[in-house]
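Please load the structure below in your viewer and keep the selection tool handy. We will stop at a few places and look around at each.

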Amino acid sequence: MSDDDIDAFIEAGCRLLDIPVRDEWREAIRLHLAISLDHARNVAKFELPDDADPAPVFTA
Amino acid sequence: MSAIAAAADIAAAVRGRRRSACEVVDAALAGIERSNTRLNAFTAVTADRARARAAAIDAAIARGDPAGPLAGVPFAVKNLVDVAGLPTLAGSRINRDRTPAKAHAAPVARLEAAGAVLVGALNMGEYAYDFTGENCHDGPSRNPHDASRMTGGSSGGSGGAVGGGLVPIALGSDTNGSIRIPASFCGIFGLKPTYGRLSRAGSFPFVSSLDHLGPLARSTLDLALAYDAMQGHDAHDPVCVARPGEPATPALGGGIGGLRIVRAGGYFRAGAAPEALAALDRVAAALSAEREIDIPEAARARSAAYVITASEGAALHLGRLRKRAADFDPDVRDRLIAGALIPGAAVAAAQKFRRWYREAVLRLFDEVDVILAPATPFAAPPIGQKSFMLAGKEVALRPNIGIYTQPISFIGLPVVAVPVPEAAGKLPIGVQIIAAPWREDIALRTSHHLETIGAVCAPLPPALGE
């Protein structure tokens, strides 16, 4: 995915979420989004069955 | 070796009326006055309240009332923890508009119930989303061993205040490493308990499914005393387990006989600077831990923790990002905005992986009792440093200091970070002692044993050690 693709995603996503973004913030947002998406891809490579439950994080 | 009074010694002296709580608190306040300009650890000093509380403790002891295990011990708390009468800043500018907290957070109230005396609130990275201790609103926390270097974060003021000898005990929080990293950089002990062990009620959240509170101190005994004082169920935190307190202090001297201690290899060796590996070697040798194991899929666990943190953290702050984005610390704001854009499917996948990973790691504890791993990949970097070399590749510093802490807190395991002095020249660095869930006692016993044989200790900061 190119920087232009990511910039377009940031532009559309922030408009959708109603987050105002200044031009001077975009480079850092792009950097951090790219890092997060790399991590997400790393997780996605690990195949789990459909019935795998997410971790419990709430007890009551 | 310490010229800084330990909490256990202070409490014994106050209980024995060899020293008054008022004298102890006055000395602590004078020390904060003297050193805080250099360390920038405190954001608020509650001097009047502390003196009144100390006077009440002295009066109670004079009446013959029972004194608590932390009688007269000064302590301070990361400013994301509620302190009655102060707005809970969580390191931010935005939270300065909050009304002051009406009551202390549960762990603060419990420490006070044990006789400890709160002396103030501590600096931290904004909304706990840093590993550096840097903060654009309050200025960076500064490392007591070299004020030009980072304390680590996000409990940076907690690390600086204890490492610099301003208080013997501080309270911090740890979502991905925020107790263990300042403990490593500042050369002190830090306990991240099992997820759900200590109440987080009255603390400002970051990532609920990963947030923990815990103590930092200059010795294992002080760490255990503080930990024991804070244990117990609290219905105000839905994650806090209904489990009776399991005091660790009485068994602290039990030694390591019978414990199966191993060191983590693979992922936990890759990327570590020589000083981190030297510290791990020193601790492993002291414990005769020759066997090395692989924690399966640790790199992916770190990735999953990263994704969950970014997304849950962004969700928490979405309203503030919409209304007051320009008021955030830029280093935090840009990461939060990026986090808001992570697809939900990625977060669900990370939570699914989390269960798999938890079960895989828990199986390891059928064969071992303690796993050793580096706490940080290097010793404290200079304040302002933006990148470092990780396995031959230049990467951003702020998101990556926690590479060795994240795979552990991801599944809530209890960890004591122990300080190895002068592993990096004059700078200390920490090692993680990791145990099975609910076995803080084993991690603390191991830490105490290492301290007893002289393998680890909290080094004096130069201002006090020369």
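Which residue in E11(B) does B:Arg263 stand opposite? Select B:Arg263 and look across to E11(B): the residue there is B:Leu372. Keep in mind along the way that this is a predicted model.

Now widen the selection to the strands themselves. Strand E9, residues 261-264 of chain B, runs parallel to strand E11, residues 370-374 of chain B, and 3 bridges join the two.

Move on to helix H5, residues 156-163 of chain B. Is this helix mostly covered or open? Mostly covered: 8 of its 8 residues are buried. Among them are B:Ser158, B:Ala161 and B:Val162, along with glycines such as B:Gly156 and B:Gly163.

Last stop: show both chains and select their contact, with 35 residues from chain B and 31 residues from chain A. On the chain B side, colour helices H9 (298-324), H10 (330-340) and H11 (344-364), the elements that give two or more residues to the side touching chain A. H11(B) gives the most, with 11 residues. Colour that side of chain B by class and you will find 22 nonpolar, 5 polar and 8 charged residues.

Key:
Residues numbered from 1 in each chain as written. Chains lettered and ligands numbered in written order. Predicted model: local features only at pLDDT ≥ 70, side-chain atom pairs only at ≥ 80, totals over all residues. Pairing = 2+ DSSP bridges. Helix = DSSP H or I, 4+ residues; strand = E, 2+ residues; numbered from the N terminus. Contact = placed C-beta atoms within 7 Å. Nonpolar A, V, L, I, M, F, W, Y, C, P; charged D, E, K, R; others polar. Buried ≥ 20, exposed ≤ 12 C-beta atoms within 10 Å, placed from the backbone.
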